[in-house]
Amino acid sequence: MWETIRDIATALCLVVGSLMSFAAALGMLRFPDLLSRMHAATKPQVLGLLLLLMAVALQTGSWATVPILIFAWLLQLVTAPVSAHMVSRAGYRTRHLNRETLERDELDAVVAAHSDRED
């Protein structure tokens, strides 16, 4: 009985996690500008990885793997938003974005002040 419930929960986590990762990849291909692609690259991908790691933890049934899986997920949780932030700032500075889609441009004054100091 317990193994059947565990297998169903594992399969559910695998399917939903895979769909979330697929949605992230699809968003990277289909979204029109850099900033929305960065959003698609981080949000569903991190949740998809969490679900996939939960499936691994459920299927192994060993408490020894849980700290390793938590560490892997925390590492992804920390690095994905930071890398997306750095890529989007670089894209902003090189004008690889659609300014009409921005509601507020809070970075424009910072970039302008920084470029004035470099000149």
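Let's start with Arg-6, which sits in helix H1, a stretch running over residues 2-30. Keep in mind that this is a predicted model.

Arg-6 is an interesting place to begin. The residue is buried, yet it has no salt bridge. Which side chain of opposite charge is nearest to Arg-6? That would be Asp-7, 4.4 Å away. Leaving aside residues up to four places away in sequence, Arg-6 touches Leu-58, Gln-59 and Gly-61.

Now for H1 as a whole. With 29 residues at 1.5 Å a residue, the helix should span 42 Å, and its end C-alpha atoms are 41 Å apart, so the two values agree. Besides Arg-6, the buried residues of H1 are Thr-10, Cys-13, Gly-17, Ala-24 and Gly-27. In an α-helix there are 3.6 residues a turn, so residues three or four places apart point the same way. And what covers the buried residues of H1? Helix H2 is part of the answer.

| Helix | Residues |
|---|---|
| H1 | residues 2-30 |
| H2 | residues 34-60 |
| H3 | residues 66-93 |

The last stop is the largest pocket, with a volume of about 420 Å³. Its lining is made up of 16 residues, and Leu-35, His-85, Ser-88, Arg-89 and Leu-107 lie nearest its centre. H2 and H3 each supply at least two residues of that lining. Which helix gives the most? It's H3, with six residues.

Technical notes. Residues numbered from 1 in each chain as written. Predicted model: local features only at pLDDT ≥ 70, side-chain atom pairs only at ≥ 80, totals over all residues. Heavy atoms only, no water. Helix = DSSP H or I, 4+ residues; strand = E, 2+ residues; numbered from the N terminus. Buried < 20%, exposed > 50% of the residue type's maximum accessible area, 1.4 Å probe, protein only. Lys, Arg positive; Asp, Glu negative; His and termini not counted. Salt bridge = Lys/Arg side-chain N within 4 Å of Asp/Glu carboxyl O. Contact = heavy atoms within 4.5 Å. Expected span 1.5 Å × (residues − 1). 1 Å grid on protein atoms, 1.4 Å probe; cavity = no way out; pocket = protein on both sides within 12 Å on 5 of 7 lines; lining within 4 Å. Points joined across faces, edges and corners; volume = space filled by probe spheres on them.
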